[in-house]
Amino acid sequence: MTSDIEPFHAIAISRLAHKLKAEGRQVIHMEFGQPSTGAPRVAIERAHQVLDSDGMGYWESIPLKQRLARHYAETYGVTVDPEQFVMTCGASPALVLALASSFKPGDRVALARPGYVAYRNTLKALNFTPVEINCGAAARYQLTAEVLAALEPAPAGVIIASPANPTGTIIPKAELAAIAEVCRARGIKIISDEIYHGLSYGERTHSMLEFEPTALVVNSFSKYFSMVGWRLGWLLVPREHLHRARAFVGNMFLTAPSLSQHAGLAALDAHDELQGHVAAYARNRELLLNALPALGLNDIAPPDGAFYVYADVKHLTDDSLAFCKKLLIDTGVATAPGIDFDPEDGRHFIRMSFAVSTPELEEAIARMTPWFAQAAKVRASETV
C-alpha cells in the first residue's frame with residue numbers, strides 16, 4: 001500500500017494569498033521559488049514562430065539535447081552523449097523518473113533534513129523509505145561524506161541538492177568529490193538535483209558528474225532560465241541506465257511539451273539576459289540580508305545560491321504554519337513554513353524567496369519590519 005504523504009503547506013499559503021488578492025488585497029508572493037521574470041525574449045520569439053508554422057506533436061528535440069551536451073562541456077568540463085538526456089515536463093517528473101527507474105519498493109534513500117518537501121513525499125509515494133539525516137547549522141544544512149560513510153546500513157541511494165532548497169547552501173567542490181568517493185565504495189546510487197545551478201553568489205556550482213559519471217542528474221528550465229510555466233526539464237542518465245529510463249518515461253510521461261523544447265533551445269543562448277536576472281537576485285539577496293536584523297532574524301542558513309533565506313523564528317513561534325498564515329493575513333506577505341522542509345524542527349523556521357522584483361521586496365520589508373517587532377513584543381509578554 002502506498003504510504004500517506006503530507007501536503008505541501010506552501011501551496012495552502014499560496015491559495016490563501018490568491019484568495020486575499022481576489023478580495024482586493026495587495027499580496028507579495030515570497031512563498032514559492034518562482035522567478036518574477038518571464039522566459040527570455042528570444043525564447044518567446046521562437047515560440048511565436050513555432051506556433052505559426054508547426055502543428056507539433058509527441059517529440060524529443062535532438063538539437064536541444066545536443067545543445068545541452070555542449071552546455072555541460074562548457075560549464076562543467078564533462079563529456080556526455082546527447083542521447084543521455086531524457087526530456088521531461090519539468091524537474092518534478094525527472095525526479096520521479098530517476099527514483100522509479102533506480103530503486104525497488106522498500107529501498108532506503110538518504111536525504112538531508114531540511115530539504116525540499118517533494119523528496120520525502122515522492123519517496124513515500126513510490127514506496128521507498130526516506131532516511132532523513134538531520135543536517136544542522138554546523139554542517140551548513142547539507143549532507144557530508146562523513147555522515148554517509150557512517151550510515152548503517154548503507155542506503156540504496158542518496159539525493160544531493162546543491163544549491164539546496166530551502167537553505168540555498170552549496171556543497172563545496174572537495175566535499176562533493178568526497179561524497180562521490182564514499183558512494184562508490186558503498187554502492188550508493190546518487191540522484192543529484194541541480195535545478196538551482198547558475199544561481200550562485202560566490203563559489204560556482206559544480207555538477208556531481210564532475211566526480212561521479214554514474215550519477216543521475218535532475219535539472220530544469222524553471223529557475224535559472226525563468227521558464228516555470230513552460231514545464232521543461234531533463235534527467236541526465238548514464239548510458240547503462242538509458243534503456244530503463246526511456247522505458248519508464250515512455251509509459252509514465254510520454255514527452256515534454258514540443259513548444260517548450262523549441263523555446264528552451266533558444267533560451268540556452270540568452271546568456272546576457274539571464275545573467276541580468278542573477279544580478280537582480282544578488283541585489284535582492286543583499287537587500288534582504290541587510291534587513292534581517294531589523295526583523296530580529298539573526299539565525300539563518302547562508303544563502304550561497306538559489307533565491308531563499310531560511311530563517312529561525314523559534315523566538316517568535318512554535319508553529320511556523322500558523323505564523324506564516326498570520327503574517328500573510330496581517331501584512332499581505334506570503335512566506336513558506338519550515339514544516340514543509342523539516343517535519344521535526346521546521347516548526348521553528350520560515351523560508352522567504354527573494355526571486356520577486358526589487359520594488360516588491362522593498363515593500364515586503366517595509367510591511368514586515370513593524371510586524372516582526374510587534375510579534376516579538378507579544379511573544380515576550382507571553383513568556384513573562
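Q: Where in the chain is Pro 302 found?
A: Pro 302 is in the loop between helix H10 (271-295) and S9. Helices (H or I, at least four residues) and strands (E, at least two) are DSSP runs, numbered from the N terminus. The model is a predicted one: local features need pLDDT of at least 70, side-chain atom pairs count only at pLDDT 80 or more, and totals for chains, interfaces and linings use all residues. Residues are numbered from 1 along each chain as its sequence is written, and side-chain values use heavy atoms, leaving out hydrogens and water.

Q: Why is Pro 302 called partly exposed?
A: A residue is buried under 20% relative accessible area, exposed over 50%, and partly exposed in between (1.4 Å probe, protein chains only). Pro 302 has 31% relative accessibility, so it counts as partly exposed.

Q: What does Pro 302 touch, not counting residues up to four places away in sequence?
A: A contact means heavy atoms within 4.5 Å. With that exclusion, Pro 302 touches Arg 140, Thr 167, Gly 168 and Thr 169.

Q: What makes strand S9 (residues 308-312) mostly covered?
A: Five of the five residues of S9 are buried. Tyr 308, Tyr 310 and Asp 312 point one way, Val 309 and Ala 311 point the other way, and all of them are buried.

Q: How do you know that S9 and strand S12 (residues 349-353) pair?
A: Two strands pair if DSSP finds at least two bridges between them. S9 and S12 have five bridges, in the antiparallel sense, so they pair. In this pairing Tyr 308 stands opposite Ser 353 in S12.

Q: What makes S9 and strand S11 (336-337) edge strands?
A: Three strands form an open sheet in the order S9-S12-S11, with antiparallel pairing. S9 and S11 are its edge strands, as each pairs on one side only. S11 pairs with S12 over two bridges in the antiparallel sense, and Pro 337 stands opposite Ile 350 in S12.

Q: Why is strand S7 (residues 216-220) said to be largely enclosed by the rest of the structure?
A: Five of the five residues of S7 are buried, so S7 is largely enclosed. Both faces are covered: Leu 216, Val 218 and Ser 220 lie on one side, Val 217 and Asn 219 on the other, and all are buried.

Q: How many bridges join S6 to S7, and in which sense do they run?
A: Three bridges join S6 to S7, and the two strands run parallel. Ser 192 has Val 217 as its bridge partner in S7. S7 also pairs with strand S8 (residues 233-236), over four bridges in the antiparallel sense. In S8, Gly 233 is the bridge partner of Ser 220.

Q: What makes helix H5 (residues 117-125) mostly covered?
A: Seven of the nine residues of H5 are buried. They are Val 117, Ala 118, Tyr 119, Arg 120, Asn 121, Thr 122 and Leu 123. The buried residues of H5 pack against helix H4 (91-100), S3, strand S4 (129-134), S5 and strand S6 (189-193).

Q: What is called a cavity on the grid?
A: On a 1 Å grid over the protein atoms alone, a cavity is a set of points where a 1.4 Å probe fits but cannot get out; lining residues have an atom within 4 Å of a point. A search of the whole structure finds one cavity of 30 Å³ or more. The largest cavity holds about 100 Å³ of space, where a volume is the space filled by probe spheres set on the points, and grid points are joined across faces, edges and corners.

Q: Which residues of the lining lie nearest the centre of the largest cavity?
A: Of the 14 lining residues, Ala 112, Tyr 119, Gln 142, Ile 159 and Ala 161 lie nearest the centre. Strand S3 (108-113) and strand S5 (157-161) each supply at least two lining residues, and S5 gives the largest share, three residues.

Q: How many residues of each class are in the lining of the largest cavity?
A: Ala, Val, Leu, Ile, Met, Phe, Trp, Tyr, Cys and Pro count as nonpolar, Asp, Glu, Lys and Arg as charged, and the others, Gly among them, as polar. The lining has 11 nonpolar, three polar and no charged residues.

Q: How do you know that the radius of gyration of the protein chain agrees with that of a compact globule?
A: The radius of gyration is taken over C-alpha atoms, and the globule rule is 2.2 Å times the number of residues to the power 0.38. For 384 residues this is near 21 Å, and the protein chain has 21 Å, so the two agree.

Methods. 1 Å grid on protein atoms, 1.4 Å probe; cavity = no way out; pocket = protein on both sides within 12 Å on 5 of 7 lines; lining within 4 Å.
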